[in-house]
Amino acid sequence: MTTMPFDALACPLDGCPLVPSEKTWRCENGHNFDVARQGYVHLLPVQKKRSLDPGDSKEMVAARQRFLNAGFYTNIAEAVSDQVLQWLPSEGTGSILDAGSGEGYYLRHLASLAGARDISLIGVDISKWAVLAAAKQDKQTRWAVGSNANLPILPESLDLVLCLFGFPVFSEFARVLKPGGKVIQVDAGSDHLRELREIIYPELKPPADTEMADPEGFRTLDSTVLRFPLSLPDQDSIADLLAMTPHLYRANSEGLEKAASLKSLVVTVDVVLKRLERR
C-alpha cells in the first residue's frame with residue numbers, strides 16, 4: 001500500500017492548476033503560494049476570509065487533538081474507514097478529500113487501515129491551527145488551509161469526499177468529484193452528547209427535522225446511525241470534549257461552571273453516517 005499526497009490542486013484565485021516548484025505552488029498566471037516549514041500550503045486568500053483568524057482556535061485544536069488521540073471516537077473513525085474502503089476504486093489510486101479535516105485524526109486512521117490499497121489524501125480546513133497540527137503529525141497527506149466554499153482542488157479529480165461534523169458545500173463537492181464519486185457525511189444525531197447538554201443548558205431544544213431532500217447533483221445511497229455510551233473518566237476529558245464543540249460558546253457561565261465541577265461523566269454518542277453519490 002502506498003499513501004501519497006494529493007497533487008491536483010487549483011489556484012484559489014483563478015482555478016488554474018497549481019504546479020509545485022521548490023517551496024511554492026504556482027499557477028500559469030503567476031500566483032504563488034508558499035509551502036510552510038511544516039509542509040502545508042496556505043490556499044485561503046485574504047480577500048476570501050471572513051475574519052482575521054477563521055475556524056477553530058489554537059486552544060480548540062489542542063483540545064480536539066488530545067480527545068481524539070485518546071481514542072474516545074475510535075468507533076466513529078473505524079465506521080468511516082470501513083465505508084471508505086468499500087467504495088474506493090478496485091484499481092489505480094483512490095483519491096480522498098477530508099473537507100474540514102481538523103487536525104487530521106480521521107485521515108490518519110484511514111491511512112493506517114488502507115492495507116493493499118493505493119490512496120492519495122488531502123485534508124482541507126479553514127483553521128490554520130488545525131492544518132498546522134495535522135501537518136506536524138502526518139507527512140504522507142497533503143494539508144491545505146482552505147475553504148469548503150472554494151475548494152482549492154481541480155474539477156473531477158476526487159473519488160471520495162469526507163465531511164465529518166463539518167459544513168458541507170455540495171456544489172463544490174459535485175465540482176471536485178469524479179462522476180459516480182461518493183460523499184461520506186457524519187453529523188450529530190438528536191441524542192448526541194445529551195447528558196452533557198442537559199447539564200450546561202437550562203433546557204434542550206426539540207430536535208430539528210433532519211429529513212431533507214437530496215442535495216442537487218447527488219442521490220442518497222443509505223444512512224446509518226452509530227450510537228454508543230462514552231465514559232469520560234476525568235475533568236480534563238470532559239473539558240476537552242466541551243472545548244471541541246460549539247457548546248463551549250453557546251452555554252452560559254452557569255452551565256459552564258456546572259460542567260467544570262464534574263469529576264466524570266457518561267455521555268451518549270449518537271451520530272448519523274450518510275453516503276451520497278454524485279449523479
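A: In this predicted model, Arg 194 and Glu 198 lie four residues apart in helix 6, which covers residues 194-200, so they are separated by about one helical turn. Their side chains meet in a salt bridge, with 3.5 Å from N to O.

Q: Are Arg 194 and Glu 198 buried, partly exposed or exposed, and which network of salt bridges includes them?

A: Arg 194 is partly exposed at a relative accessible area of 28%, and Glu 198 is likewise partly exposed at 45%.

Q: Which parts of the chain does the salt bridge between Arg 219 and Glu 277 tie together?

A: The side chains of Arg 219 and Glu 277 meet at 2.7 Å, N to O. Because Arg 219 lies in strand 11 and Glu 277 in strand 12, this pair ties together parts that are 58 residues apart in sequence. Buried means under 20% relative accessible area, so Glu 277, at 16%, is buried, whereas Arg 219, at 36%, counts as partly exposed.

Q: In what order do the strands of the open sheet run, and which strands stand at its edges?

A: Three strands form this open sheet in the order 2-3-4, with antiparallel pairing. Strand 2 (19-21) and strand 4 (32-34) each have a single partner strand, so one side of each is left without a neighbour in the sheet. Strand 3, residues 24-26, pairs with strand 4 over three bridges, and Thr 24 stands opposite Asp 34 in strand 4.

Notes
Residues are numbered from 1 along each chain as its sequence is written. This is a predicted model: local features need pLDDT of at least 70, side-chain atom pairs count only at pLDDT 80 or more; totals for chains, interfaces and linings use all residues. Side-chain values use heavy atoms; hydrogens and water are left out. Two strands pair if DSSP finds at least two bridges between them. Helices (H or I, at least four residues) and strands (E, at least two) are DSSP runs, numbered from the N terminus. A salt bridge is a side-chain nitrogen of Lys or Arg within 4 Å of a carboxyl oxygen of Asp or Glu. Buried means under 20% relative accessible area, exposed over 50%, partly exposed in between (1.4 Å probe, protein chains only).
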